[in-house]
Amino acid sequence: MAAPHPGHRPGVPTTVDLRGVSRRYRVGSTDVYALREVDLEIDQGEFVVVLGPSGSGKSTLLNIIGALDSPTEGSVVVAGRDLTQLSRADLFAFRRDVVSFVFQTFNLFPTLTALENVQCGVEVGGGAKEARHRAAEVLGSVGLAERLDHYPSELSGGEQQRVAIARALATGNPLLVADEPTGDLDFRTGVQILQLLEDQARAGRTVVVVTHNREISRVADRVVELSSGRVVSDGPPVGGRAAIDDLHW
Ligand SMILES: Nc1ncnc2c1ncn2[C@@H]1O[C@H](COP(=O)(O)OP(=O)(O)O)[C@@H](O)[C@H]1O
Ligand SMILES: [Mg+2]
């Protein structure tokens with residue numbers, strides 16, 4: 001899909017560069033580290049899966065990359081912007097123009113159709129008719145051309161997640177981050193969602209996806225594994241990248 005990327009500054013690739021990033025919480029009289037001294041570099045167009053058990057810091061990492069949270073130590077440079085130095089107004093512009101989030105629980109409006117849900121994510125500068133056209137186009141690109149007028153309750157979990165992904169894509173933003181987008185789905189559907197996200201990286205977006213499911217992560221090229229807030233491995237999945245048919249359902 002050759003969507004325009006309004007947040008893509010000419011000549012500034014959508015890279016992620018974390019240096020010495022820690023996120024510390026004060027709980028009572030002790031410090032709790034959600035992240036600890038994380039270094040992570042991601043290139044434009046890379047598809048990265050962040051793997052780790054519950055509590056290992058995955059959401060914290062994603063929220064810091066997406067400017068929803070900031071580190072207590074370290075530097076965060078995304079798409080050429082040092083997020084720890086931006087004003088509130090510039091952070092707002094970054095969230096609007098650069099990053100799109102997808103969540104585990106889809107977060108669709110139950111009283112709006114698939115088309116209307118996606119239309120909500122489209123910049124309406126061109127008016128409602130163009131927004132509808134664009135929403136229909138993006139829904140088609142995730143395989144839902146036949147479901148435009150369905151309400152979320154009339155869609156399967158995998159279809160609802162595809163609507164949520166379409167809504168994220170409709171903005172045209174160049175960085176796509178997804179927090180456990182396969183968590184509520186059966187395994188086969190989860191793998192399909194992961195592959196759909198990977199297609200977005202092939203189309204030039206930078207894509208970071210969190211999962212706690214090691215088997216699902218095997219379809220990725222690059223897996224960054226977290227444990228207790230630290231990166232404990234970074235590279236191809238253990239045993240190499242798996243074809244869908246080689247996965248254990
Ligand atoms: N607001 C908070 N106050 C204290 N500790 C927190 C807070 N948010 C997260 N944590 C802790 O940080 C760690 C990482 O959390 P999180 O990033 O949500 O992990 P994950 O997404 O991998 O399950 C957990 O141990 C969690 O308890
Ligand atoms: Mg989480």
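User: What covers the buried residues of α6?
Analyst: The cover includes β3 (47-51), α5 (157-170), β7 (175-179), β8 (206-211) and α7 (214-217). Do keep in mind that this is a predicted model.

User: Good to know. Which residues of α6 are buried?
Analyst: They are Phe187, Thr189, Gly190, Val191, Ile193, Leu194, Leu196, Leu197, Glu198, Gln200 and Ala201.

User: And how many residues does α6 have?
Analyst: Helix α6 runs over residues 187-202, which gives it 16 residues. From first C-alpha to last it reaches 23 Å, close to the 22 Å expected at 1.5 Å a residue.

User: What goes on at the start of α6?
Analyst: There, a side-chain oxygen of aspartate 186 comes to within 3.2 Å of the backbone nitrogen of arginine 188. Just after the helix, glycine 204 takes a positive phi of about 110°.

User: Let's talk about the core. Which residues have the most contacts inside the largest one?
Analyst: Phe47, Leu139, Val163 and Leu197 do, in a nonpolar core of 43 residues. The elements giving two or more residues to this core are β3, α3 (114-119), α4 (128-141), α5, β7, α6 and β8. There is also a second, separate core of 29 residues, with Val78, Leu91, Val224 and Leu226 among them.

User: What is phenylalanine 47 in contact with?
Analyst: Leaving aside neighbours within four places in sequence, phenylalanine 47 contacts Leu194, Leu197, Glu198, Ala201, Val207, Val209, Ala220 and Arg222.

User: New topic: how many aromatic pairs are there?
Analyst: The structure holds one. It joins phenylalanine 101 and phenylalanine 103, whose ring centres are 5.6 Å apart and whose planes are at 5°, so the pair counts as stacked.

User: Is phenylalanine 101 buried or exposed?
Analyst: Buried, because its relative accessibility is 18% and the cut-off is under 20%.

User: Now aspartate 69. Where does it lie?
Analyst: Aspartate 69 lies in the loop between α1 (58-65) and β4 (73-78). At 18% relative accessibility, aspartate 69 counts as buried.

User: What does it touch there?
Analyst: Not counting residues up to four places away in sequence, aspartate 69 touches Arg23, Tyr25, Thr60, Asn63 and Ile64. With arginine 23 there is a polar contact between the side chains, at 3.1 Å.

User: Arginine 23 again, then. How far in space is tyrosine 33 from arginine 23?
Analyst: They are 5.8 Å apart, C-alpha to C-alpha, and ten residues apart in sequence. Tyrosine 33 sits in strand β2 (residues 30-42) and touches Ser22, Arg23, Arg24 and Glu73, again not counting residues up to four places away in sequence. Tyrosine 33 counts as partly exposed, at 27% relative accessibility.

User: What about phi in alanine 79?
Analyst: Alanine 79 has a positive phi of about 50° although it is not a glycine. Most residues other than glycine have a negative phi. Alanine 79 lies in the loop between β4 and β5 (81-82), and is buried with a relative accessible area of 3%.

User: And what is phi of asparagine 107 near?
Analyst: Phi of asparagine 107 is near 60°, a positive value. This residue lies in the loop between β6 (99-103) and α3, and is partly exposed with a relative accessible area of 40%.

User: Where is arginine 218?
Analyst: Arginine 218 is in the loop between α7 and β9 (222-227). A polar contact of 3.0 Å joins its side chain to that of glutamate 215.

User: Last one: what is the mean pLDDT of the chain?
Analyst: The mean pLDDT is 90, and 94% of the residues reach 70 or more. Over residues 1-6, though, the pLDDT is below 50. Where pLDDT is low, the predicted coordinates should not be read in detail.

How values were computed:
Residues numbered from 1 in each chain as written. Chains lettered and ligands numbered in written order. Predicted model: local features only at pLDDT ≥ 70, side-chain atom pairs only at ≥ 80, totals over all residues. Heavy atoms only, no water. Helix = DSSP H or I, 4+ residues; strand = E, 2+ residues; numbered from the N terminus. Expected span 1.5 Å × (residues − 1). Buried < 20%, exposed > 50% of the residue type's maximum accessible area, 1.4 Å probe, protein only. Contact = heavy atoms within 4.5 Å. Polar contact = N/O pair within 3.5 Å; in protein donor to acceptor, adjacent residues only side chain to side chain. Core = buried A, V, L, I, M, F, W, Y, C linked by side-chain atoms within 4.5 Å. pLDDT = per-residue confidence, 0-100. Phe/Tyr/Trp six-rings, centres within 6.5 Å; stacked < 30°, edge-to-face > 60°.
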